[in-house]
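Good morning, and thank you for coming.

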Amino acid sequence: MKRRNENRRRPSERQVALAIDIGGTNLRVAMVSRNGTILGQRSEPTPRGRAEKAILAQIIRLTRNLFSIGRKIKGIGVSVPGFLDRSGSTVSYSPNFPNWRNVQLAKSFRRELQIPCYLENDGNCAALGEHWKGAARGLSDVVFLTLGTGVGGGILMNGHLVRGARGGGAELGHIIVDPRGHLCGCGNRGCLEAMASGTAMKRRTGRSAEELFRRSRGGDRRALRTFEEMGRALASGIASLAFCLDPDLVVVGGNLSHAFSAFAPAMKRELRRRLRNHPARNLEVVRGRYPNDASLLGAAYLVFAGGNRRA
């Protein structure tokens, strides 16, 4: 009797998702259980040329290594830094991978691995991950900002991802917070990404965000001032989003969220000032629970939801 019960449980216990995060620096592949536990993970530097064929070959090799663990794979979810077509199966353009134009990524994975594949923008994946298992769990209207080399994000309204009419919605890093500000990679000036990213901090100070954070904890005035400027820029962008969307919560994730304590005080002061006459005057902004793995969890969520982008 005991043996029959074990056999009956085994299929659901063995069923997992393969989650892939395609980053400009690293490619990561993880095996994720249905309850959101990351069971195994592989990571390698992204090929220098970022050519489509080289990246696809590398991901398939990493994925097949995880296949050897012997669990039943339900499908693959892929977090992609770029715009998807309306079908959600083709990467139409990626700023971090400029040679990628109309790349049929889902079709390539299905052909090579013979299992379902679902794609989503990386910011949207991170938003889904924090909604599924993180700081935004149980809420229906959420803005997610991811801070790192650049600034990305995702928006959930009434439990649905906001993707826009052409798949280019929720590009939160390109909200303009200072029309006379620094030039952004998108071609505009004063975008949030040009003011509040790791790249922006390095440009202004010559130091990495990690080094600036260490210095700020030691009382370095320039480092403290840099994080204050970053916090005010974030508040400007968040206030604009609050006026447009009035979310339940704003979640901040990504590698730079490790420095949340350095920029949050200035951000919250400025946000209260900008929203003093708005119903969202007490809007809460919190650090994400999964600063490094939210996009992997979101990619896995797509698999278990059968590609349904409703959270």
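This is a predicted model: local features need pLDDT of at least 70, side-chain atom pairs count only at pLDDT 80 or more; totals for chains, interfaces and linings use all residues.

Residues are numbered from 1 along each chain as its sequence is written, and side-chain values use heavy atoms, with hydrogens and water left out.

First, the overall form. The protein contains ten helices and 13 strands; these are DSSP runs, numbered from the N terminus, with helices being H or I of at least four residues and strands E of at least two. Its C-alpha trace spans about 65 × 45 × 45 Å along the principal axes. Of the 311 residues, 51% are buried. Buried here means under 20% relative accessible area, exposed means over 50%, and partly exposed lies in between, with a 1.4 Å probe and protein chains only.

Next, the salt bridges. The structure holds ten of them, each defined as a side-chain nitrogen of Lys or Arg within 4 Å of a carboxyl oxygen of Asp or Glu. Which residues are linked in a network of salt bridges? They are R207, E211, R215 and D220. Within this group, R207 pairs with E211, their closest N and O atoms being 2.8 Å apart. R215 meets D220 at 3.5 Å, N to O. R207 has a relative accessible area of 29% and is therefore partly exposed; E211, at 22%, is partly exposed. R215 is partly exposed at 31%, and D220 counts as partly exposed at 27%.

A further salt bridge joins E270 and R273, with the closest N and O atoms 2.7 Å apart. These two residues are separated by about one helical turn, because they stand three residues apart in helix 9. Are the two partners buried or exposed? E270 counts as buried, at 12% relative accessibility, whereas R273 counts as partly exposed, at 43%.

R232, K268, R269 and R272 form a positive surface patch. Such patches are made of residues with over 30% relative accessible area and no salt bridge, with like charges joined within 9 Å. Helix 9, residues 260-274, supplies the largest share of the patch, three residues. R232 lies in helix 8, residues 221-245, and is partly exposed, with a relative accessible area of 39%.

Finally, the backbone. Where do we find N102? N102 is in strand 7, residues 101-103, and has a positive phi of about 55 degrees although it is not a glycine. At 54% relative accessibility, N102 counts as exposed. A170, also not a glycine, has a positive phi of about 60 degrees. A170 lies in the loop between strand 11 (160-161) and helix 5 (192-196), and is buried, with a relative accessible area of 13%.

Terms used. Patches are made of residues with over 30% relative accessible area and no salt bridge: like charges are joined within 9 Å, nonpolar side chains (Val, Leu, Ile, Met, Phe, Trp, Tyr) within 5 Å. Accessible areas come from the Shrake-Rupley method with a 1.4 Å probe; for residues, only the protein chains shown count as cover. Lys and Arg count as positive and Asp and Glu as negative; His and the chain ends are not counted. The place of a charge is taken as NZ of Lys, CZ of Arg, CG of Asp or CD of Glu.
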